[in-house]
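Subject: Structure handover

Hello,

Here is the structure I promised to pass on.

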Amino acid sequence: MEKFLLKNIDNPNSTDINEYISVGGYKAISKALEMKPADVIDEVKRSGLRGRGGAGFPTGMKWSFAAADPKKPKFILCNADEGEPGTFKDRPILEKNPHLLIEGMIISGYALQAEYGYIYLRGEYPRAKDILKDAIKQAHDKGYLGDNILGKGIRFHLHVHQGAGAYICGEETALIESLEGRRGQPRIKPPFPVNEGFLSKPTVVNNVETLANIPYIMEIGAEAYSKIGSPDCPGPKLYSISGHVKNPGVYELPMGTTLRDIIYAHCGGIRDNKKLKAVIPGGISTPILSPDKIDCPMDFVNMPKHGSMLGSGAVMVFDETVDLAKVCLRAMKFFEHESCGKCTPCREGVGWMRAILERICNGSGNEKDIELLTEVSKNIIGKTFCPLGDSAASVVQSFIKNFRQEFEQHISKEASKEIKAAA
Amino acid sequence: MLSEKAVVEINQIKGRYHDARSSLLPALYVVQREHGWLSPDAVEAVGDLLNVPKAAVKGVSTFYSMFRHKPMGRHLIQLCTNVACMIMGAERLVDILKSRYGLEPNSTTSDGRFSLVIMECIGACGTAPAMLVDTDFYDNLTEQGIVDILENYK
Amino acid sequence: MITVTINGKKITLEKPVTILKAAEIAGIKIPTLCHHDMLEPYGGCRLCLVEIEKMPRLQTACTQHVTDGMVVWTETEKVVEARKGVLEFLLINHPLDCPYCDKAGECNLQDLVVKYGPATGRFAEGKRTHPESYDDPIIVRNMERCILCTRCVRMCDKVQGASAISITNRSSKSFVEPFSGGRYDCEYCGNCLTVCPVGAIMSRLHKHAYRPWLIEKEVDTVCSFCGVGCSLTLQVRGNSIVRAVPKPGKGLNKGLLCNRGRFGYDYVGSTDRLDSPLIRKDGKLERATWSEAFSYIANRLKKIKETYGSNSVAGIASGRCTNEDNYVFQKFMRVVLGTNNIDSVAGFAYAPAQKFFESIFGQGVTANPMHGIANSDGIFVIGGDPTSVNPVLGLQVRAAHQKGVPVITSGYMQGLKMFSSKSLIPNPFTETALLASLLTGLMKERPFCGLNSAFEKIIRDIQPVEIKEAEEICGITSKDISYAIDTLSVMTNPSIIIGRDILQRAEGHTNLLLLAALIYLLNGRIYLLSELPNEQGLVDMGCLPDTLPGGRPVTVDIFRKRYEEFFGVEIPSRSGLSLMEMIDAAHANKIKAMYVMGEDVVSNVPNTKHIKDALSELDLLVVQDIFMTETANLADVVLPSLAWAEKEGSYTNLERRMQMLRKAVDGKGMDDWQAIAEISRMLGFDMDYKDSGDIISEIAKVSPLHKDISYKDMEDGECMWPYKGEPLRHGMSIEGIENSKFEIRNLKFEKYVRPERKKIYIGIDNPLFHAESLSRNSAALHSIAPEAYVRISKVLARELSIANGDYVTIATNSGSIELSAQIDSDLPENIVLIPNNFDGKGVFTVMNWKMNTVIKSPVMDFTEVLVRKATHVFKEATIKN
């Protein structure tokens with residue numbers, strides 16, 4: 001399919017505004033400014049665009065909630081905190097096609113009648129920060145940002161705001177807390193950010209990729225856009241594939257491409273002619289899949305039917321050499337490190353799961369530990385404040401369900417004997 | 001405690017937001033860039049400048065793993081060992097840093113040259129393993145390659 | 001209307017509340033840990049998860065609001081399992097310290113685990129550990145026990161406003177700590193201790209001192225420290241106060257306390273308490289029996305009265321004594337000794353201010369509920385930092401500011417630094433000019449309301465001060481003054497909070513007039529700060545040279561005659577001497593005898609030497625007190641009194657609310673009123689009081705304001721002015737104002753006293769951790785602030801090369817003292833602040849004796865001072881407890 005999101009990124013000058021304009025950039029803005037803001041929102045609604053951060057919420061609907069709220073000022077925040085392990089799909093846009101994002105944000109600001117936008121950029125992307133700042137300045141100098149955009153009297157001010165290493169700030173209310181200069185702990189919902197977000201004002205938080213789709217929708221129109229990809233989840237999707245494939249990387253494909261196609265047709269299959277052992281389809285927070293499940297279309301609707309989630313579309317491929325128990329342990333270490341600490345089950349339970357997995361992996365696990373792990377995970381799922389702890393526990397359950405033998409092979413016969421003796 | 005340059009920069013940053021507290025993270029970055037780390041005095045000074053209670057500033061700065069609260073070496077190695085990097089050999093690189101430089105995670109070499117911090121995914125999974133040295137990005141690391149890169153950092 | 005069904009029980013509500021609240025209304029208790037009624041919902045502990053029909057996941061009852069038709073189940077198997085799971089998670093790192101932990105028996109976690117938790121633990125991974133911390137003098141930390149409910153942090157941030165603690169790090173490494181990681185260096189209000197559900201933070205004062213179930217009795221009383229009169233409960237064991245705790249939601253303080261009330265009560269049990277009457281023999285105070293002491297006093301008083309006349313005797317009453325004590329005292333002075341020479345420190349600022357305002361605005365104009373402050377649309381504070389003088393009232397100002405209410409402060413107020421919209425700090429001596437300029441500016445923006453044309457005429461006659469002029473005189477920018485004027489001008493019913501510092505000035509009476517004018521223009525609600533629990537009681541009971549019980553002027557025939565009729569005795573028709581006049585008269589040998597009840601006059605009024613000299617001239621000095629104060633040290637007879645927790649009686653707070661004190665422990669002294677009654681009997685006038693109840697019954701007959709008052713009225717905590725009585729009716733006319741004895745007409749500011757360049761002046765520091773000289777006897781309060789200090793500006797510190805903690809010599813023309821320096825980065829460079837609370841190092845020892853003859857108050861104007869780095873320092877002796 002013709003690339004839009006990653007158009008021209010192989011050009012070494014792709015971050016230059018003139019280069020961007022020469023390949024058709026900043027046309028969508030003019031189109032949008034000729035429409036009424038409400039009509040822009042309508043267009044996005046009809047396009048069927050769903051949030052690309054992982055939750056998949058219909059973008060047009062989110063915008064309409066914020067637009068309907070009378071409070072001012074309004075804010076549009078770009079969630080560039082790409083922290084989900086396995087995910088690196090936003091980085092090419094940020095580092096190689098920044099103007100696409102900027103254009104998308106300006107249009108969003110116009111539609112929402114929000115005069116202020118912030119790009120919450122993760123601290124781990126220092127290059128992107130400089131590139132974005134330069135690009136914003138270029139856009140400003142050319143009249144696409146500021147107090148009088150293209151002479152139409154529209155105001156939009158855009159700034160980059162760097163995070164400082166907290167995965168939880170990818171959650172929209174935690175992001176807003178962080179932007180307000182606080183600890184990144186998620187907020188109670190309701191109220192939702194679209195009504196009371198940044199500084200208690202109507203705020204829309206959208207993923208980088210979501211916003212990057214906006215100029216596309218403006219350009220080709222909602223009708224045409226909705227025909228790309230799957231019927232319920234239209235549009236192009238950036239999949240980031242890593243692990244044991246021949247050609248890892250970011251691929252712009254129609255939403256709903258199957259895992260099989262992604263791994264074999266696009267990424268050249270497993271490296272070194274090894275066998276596929278397991279796939280994590282949407283980033284570390286999504287349940288792991290066994291090889292028999294890879295014919296599922298990778299979109300928001302079909303993935304849950306196959307026992308996992310689209311998530312961020314970050315595909316992690318594991319071949320037969322991988323010890324999946326260790327992968328599960330490493331995942332739990334990640335979640336433990338990133339837990340904000342607000343709610344009891346995540347703060348205490350995830351660490352407990354990690355400790356049990358550590359014992360299993362270093363040979364001092366016993367046969368009761370897998371049961372214990374399952375029990376602990378059950379006490380976490382559905383009890384947490386936000387999805388972080390929930391995901392950690394679901395991930396553990398998916399590993400045990402699909403790859404129990406990986407843990408069993410670690411469990412020491414010696415330790416089990418000791419327990420039996422002590423009982 | 002804060003240099004005039006830092007104060008000017010922070011005051012300029014304040015202008016980007018409706019509320020002074022929103023400039024807290026950027027302000028902490030300004031100070032960390034200048035001093036290399038955030039001392040208790042620095043934390044208090046930032047709080048005074050932005051009118052945020054110092055205990056609150058400390059609560060914020062310690063929440064985020066990229067703020068340093070003890071002095072660091074001249075160069076900060078931020079190496080990722082999350083799943084994608086792990087299965088592509090990142091743990092082996094940790095061993096090399098240990099054997100070659102005597103460097104452990106969260107510590108500094110005795111000559112003050114390097115500090116090592118383990119990262120939780122820096123978005124380079126497709127070109128794993130990867131690291132940042134200060135603000136320089138390196139991916140597709142190999143056991144020899146990492147040493148070659150670090151030799152450039154004095 | 002909203003109908004909700006909880007566990008099958010249907011209830012209807014008018015507006016949506018949380019499920020937790022709805023359940024409470026339905027009489028169903030849902031367990032919580034991180035929830036607290038004074039705090040916003042947090043949703044962190046997850047203990048209150050409940051099942052809601054049609055919702056797939058369990059929801060937290062504390063955050064979920066009810067909707068019409070909602071059906072909730074709080075005890076299903078799913079819910080019970082979830083609770084058990086949460087408690088298990090809390091216990092994996094929580095140490096099994098119950099046998100050793102002070103919280104056992106009143107621990108929320110313990111109670112919940114017994115009811116809902118797992119019986120055994122499955123966690124085998126090794127608990128996180130933190131050492132027990134004794135870094136702080138008041139709070140001991142066992143952070144292994146912390147369950148991260150964060151109630152302490154949220155209380156400190158949002159309610160107290162001190163923001164001294166925070167959660168640091170994240171995940172399971174989350175750790176609550178003060179900024180320094182060791183000492184809290186906070187306001188020590190103890191409100192964090194009140195809300196901690198476990199034994200993570202506890203008071204060091206009671207460590208291992210008791211078990212909750214061993215407490216013998218709990219006595220509800222009101223605090224003895226300041227004019228707010230917070231309700232607190234004393235827990236007693238073995239005739240000793242073990243703890244002072246608030247009751248959640250109780251009293252006007254609604255469960256909040258300050259460090260003095262919470263920790264300072266230990267003075268009651270101090271071993272330095274007087275326990276026997278003392279009579280001076282051969283220059284030394286020797287132990288005597290009660291009857292010996294009473295006879296001695298009665299005989300000497302009789303002699304002096306006969307020889308020199310009634311007006312050669314004077315009495316000083318106390319704002320720490322009860323209404324009953326003070327009433328009996330004035331009765332003794334007037335009826336038995338026949339003099340109106342009775343006064344107290346209330347006569348310095350509180351009483352004159354109240355009287356003046358009442359003469360213009362009517363009686364009871366200061367009787368405003370404290371909670372009105374947070375609900376007003378604007379606040380103006382002057383003359384004292386409410387967060388140190390009346391801390392729980394100060395919280396009202398902070399709460400208002402957090403809500404976005406504009407707060408303008410005049411004077412240096414550290415506790416409101418982050419809580420004022422504009423802080424005006426005029427140069428020394430120029431407060432009057434600032435007030436005048438605010439008035440001038442406001443008169444341009446607001447019309448008069450026409451209610452008191454006589455007063456309006458007076459206001460119009462006041463010479464205006466334009467903003468530019470004020471800028472030059474006061475050292476405050478025009479921008480700031482304009483901002484203050486603009487902000488004040490849109491307030492419709494602001495709270496005007498006035499402390500005594502603005503009145504104890506050479507121009508105190510002028511300031512009073514200007515404040516009255518501002519209040520008139522702004523339609524302000526007046527609050528008078530008071531650092532004594534019963535200053536209002538002194539006024540109401542007639543412990544003033546010109547006032548009878550009920551606030552009736554003694555000089556007005558009809559009132560005096562009614563009083564004389566009741567007692568069958570004539571009393572002088574002219575006003576008596578005020579406190580400062582008494583001291584001067586003692587100096588001049590006109591006063592021969594003084595009876596001082598509960599007031600450490602030597603320590604609490606400047607100048608120390610002058611007062612000591614005056615008292616030494618007396619033929620007879622009788623002192624009734626609970627400690628051997630500096631005043632008692634000069635006495636001929638000392639009588640030990642019962643302290644606040646050892647007696648029954650009533651206090652009237654600064655809202656003019658009457659509240660009861662209740663006896664918690666037995667003391668070795670005697671009720672002040674009882675001692676006086678004994679002496680009175682020996683002088684031929686029987687005062688038959690069985691208990692304080694008898695006195696209140698008499699007060700109800702003598703004071704028209706307290707007609708038919710009884711203790712029963714005070715029990716519900718809502719006994720507010722004018723009770724069931726008759727306030728004094730004042731005419732709001734020029735005559736009325738003239739009668740209030742202030743010469744306030746035709747004020748002209750001909751010359752403004754300005755501070756001299758390069759000179760430094762003393763301001764009085766009212767520390768949060770001390771109270772007059774009383775707190776010297778509290779080991780707890782001394783552990784927080786043990787050493788006398790002087791607060792100096794950054795500039796001065798740099799000039800003199802002084803670092804925090806260095807000793808400096810403070811010298812005035814009255815003397816010099818050595819103090820430890822504390823650098824205050826916001827203090828103006830020409831002021832140093834010195835407290836008066838430390839033995840031998842009080843600021844009053846180096847201030848002059850000067851009286852404002854209009855108000856009859858001490859002039860505590862900015863004394864000029866020389867500050868030098870100390871060359872030789874004597875380390876202060878530690879408190880002898």
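This is a predicted model: local features need pLDDT of at least 70, side-chain atom pairs count only at pLDDT 80 or more; totals for chains, interfaces and linings use all residues.

First, the layout. My notes cover the interface of domain 1 and domain 2.

Now the contact itself. On the domain 1 side, 20 residues are in contact with 19 residues of domain 2. Together the two domains bury about 1400 Å². Carbon and sulfur atoms account for 64% of that area. Three residues stand out on the domain 1 side: A:Arg52, A:Phe88 and A:Lys89. They supply 34% of the area that domain 1 buries against domain 2, more than any other three residues.

Next, the polar side. Across this interface there are 10 residue pairs in polar contact, with both residues at pLDDT 80 or more. The rule also finds 1 salt bridge across the interface. Separately listed is a salt bridge between the side chains of A:Glu209 and A:Lys237, at 2.9 Å from N to O.

Which helices each supply at least two residues of the domain 1 side? They are helix H5 (90-96) and helix H9 (208-226) of chain A. H9(A) gives the most, with 4 residues. By type, the domain 1 side divides into 8 nonpolar, 7 polar and 5 charged residues.

Best wishes

Conventions:
Residues are numbered from 1 along each chain as its sequence is written. Chains are lettered from A and ligands numbered from 1 in the order in which they are written. Side-chain values use heavy atoms; hydrogens and water are left out. Contact means heavy atoms within 4.5 Å. Buried area is the accessible area (1.4 Å probe) that two parts lose on being put together, summed over both. A salt bridge is a side-chain nitrogen of Lys or Arg within 4 Å of a carboxyl oxygen of Asp or Glu. A polar contact is a pair of N or O atoms within 3.5 Å; within protein, one must be able to donate a hydrogen and the other to accept it, and residues adjacent in sequence count only if both atoms are side-chain atoms. Ala, Val, Leu, Ile, Met, Phe, Trp, Tyr, Cys and Pro count as nonpolar, Asp, Glu, Lys and Arg as charged, and the others, Gly among them, as polar.
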